[in-house]
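The exercises below are meant to be worked through with the sequence and the model side by side. Try each task before reading its solution.

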Amino acid sequence: MKTPAFQHLLVTGGCGFIGANFIRHLLDETDFAGRVINVDKLTYAANPLSLAAVAEKFPERYVFVRADIADRAALARVFDDYAVDAVCHFAAESHVDRSIVRPDDFIQTNILGTYTLLQLARERLPRIKRFHHVSTDEVFGSLGATGFFTETTPYSPNSPYSASKAASDHLVRAFHETYRLPVTVSNCSNNYGPLQFPEKLIPLMILNALEGQPLPVYGDGRNVRDWLFVTDHCTAVWRILCDGADGATYNVGGRNEMENLAVVNAICALVDELAAPLPGGKSRRDLITFVKDRPGHDRRYAIDCAKIERELGWRPAKSFATGLRRTVQWYLDNAAWVRQVRSGDYQRWIAAHYGA
Ligand code: NAD
Ligand code: DAU
């Protein structure tokens with residue numbers, strides 16, 4: 001891997017699930033010697049506790065700024081005060097179900113927020129050496145029983161979330177074509193692992209199973225997702241930041257397609273094995289409850305990640321069996337993190353530490 005051409009990396013959304021895993025990976029596991037400036041608005045999905053150890057261990061190399069990426073003046077200060085020379089853009093509203101109920105924040109953050117960052121970056125050329133945009137396979141829409149998404153699959157987003165991500169991808173591409181901003185884009189499949197807010201399928205099912213609550217499976221439970229352990233996504237993003245070609249997009253996936261019901265059954269078996277038994281010795285599988293389907297529910301996602309494998313030598317390192325076991329164990333071991341991210345106290349804690 002090449003030595004990165006930048007030293008002052010702005011990471012947006014670094015207090016969220018993937019962003020926090022990425023910053024931990026970057027500072028603890030790579031030979032990057034520069035500084036990370038984490039800009040996060042601290043929405044409900046953020047947890048600065050995820051980076052408390054990093055902040056303590058790397059006081060010179062890790063900076064946190066609470067700001068909204070759509071706040072041009074605040075972000076301009078960040079770019080200039082910290083001499084930002086590269087951007088890794090994770091910040092987004094990320095949950096499909098929330099986008100169906102109330103799309104407003106998705107339009108504001110995912111589209112206008114990305115546009116604000118792009119403008120600030122292009123105004124600082126040639127200082128900006130890389131602008132990496134983290135996106136999703138959901139921009140491609142839904143597959144039938146066969147086939148895979150490649151980098152050339154036409155966009156066909158079906159939810160307000162995926163439409164907002166598609167819009168941001170197009171803006172990023174346009175800033176490369178029009179202004180020669182050195183962008184890269186990754187479109188990744190479903191991530192799972194430690195630090196994920198428990199509204200997404202895997203952490204929600206782990207915690208409900210632990211607590212003996214119903215496990216709500218949408219529709220017939222036969223929808224297919226391609227699951228990737230979060231640190232494998234982080235290694236892919238880091239490779240693209242260092243070695244990706246200007247203007248290129250890369251699909252990232254786990255080659256690990258599973259029906260939702262199979263994922264939930266695997267979680268039930270692990271929670272039965274690793275946690276205290278339910279009263280009466282019931283299996284967690286008995287908690288599975290089929291509920292009304294998600295409107296516009298995409299049937300199947302599957303990523304062809306041959307390009308990043310071939311061109312950048314990236315491969316996922318974790319099997320689903322190992323990654324899921326590690327994830328279940330992490331949620332069992334981190335009850336305080338879960339309590340905080342779920343409680344109203346959390347918002348008060350943020351206000352006390354970082355201002356309202
Ligand atoms: P997340 O919801 O866990 O975290 C998002 C973070 O962004 C939070 O810390 C939040 O406070 C911050 N944020 C939101 N709006 C902001 C704003 N206006 N200004 C500054 N910060 C803001 O999301 P995630 O699952 O970590 O996803 C990160 C990125 O990866 C997103 O762009 C998402 O589209 C993409 N992605 C996610 C997955 C997945 O499976 N989770 C898969 C592929 C791509
Ligand atoms: O594919 C990448 C995308 O994966 C990311 O871009 C999104 O940010 C991320 O949230 C994720 O989107 P999904 O909609 O696929 O993830 P979610 O965890 O919400 O749902 C996974 C599958 O499980 C989906 O088919 C819906 C189903 N589901 C979800 C929940 C929350 C259920 O059956 N029951 C549930 O309670």
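**Exercise 1.** How far does a backbone N or O atom of Phe17 lie from an oxygen atom of ligand 1?

*Solution.* The distance between that backbone atom of Phe17 and the oxygen atom of ligand 1 is 3.1 Å, which falls under the definition of a polar contact (a pair of N or O atoms within 3.5 Å; within protein, one must be able to donate a hydrogen and the other to accept it, and residues adjacent in sequence count only if both atoms are side-chain atoms). Before going on, note that this is a predicted model, in which local features need pLDDT of at least 70 and side-chain atom pairs count only at pLDDT 80 or more, while totals for chains, interfaces and linings use all residues. Residues are numbered from 1 along each chain as its sequence is written, chains are lettered from A and ligands numbered from 1 in the order in which they are written, and side-chain values use heavy atoms, with hydrogens and water left out.

**Exercise 2.** Which side chains have an N or O atom by an oxygen atom of ligand 2?

*Solution.* Thr136 has such a side-chain atom 2.7 Å from an oxygen atom of ligand 2, and for Asn260 the corresponding distance is 2.9 Å. His297 also belongs here, with a polar side-chain atom 2.7 Å from an oxygen atom of ligand 2. Taken alone, ligand 2 exposes 700 Å², of which the protein buries 93%.

**Exercise 3.** Where does Arg61 lie, and what does Arg61 touch?

*Solution.* Arg61 sits in the loop between helix 2 (52-57) and strand 3 (62-66), where helices (H or I, at least four residues) and strands (E, at least two) are DSSP runs numbered from the N terminus. Leaving aside residues up to four places away in sequence, Arg61 touches Leu27, Phe32, Ala33, Gly34, Arg35 and Val36, a contact being heavy atoms within 4.5 Å. In the case of Gly34, the backbone oxygen lies 2.9 Å from a polar atom of the Arg61 side chain.

Methods: Areas by Shrake-Rupley, 256 points an atom, 1.4 Å probe, with all protein chains shown as cover.
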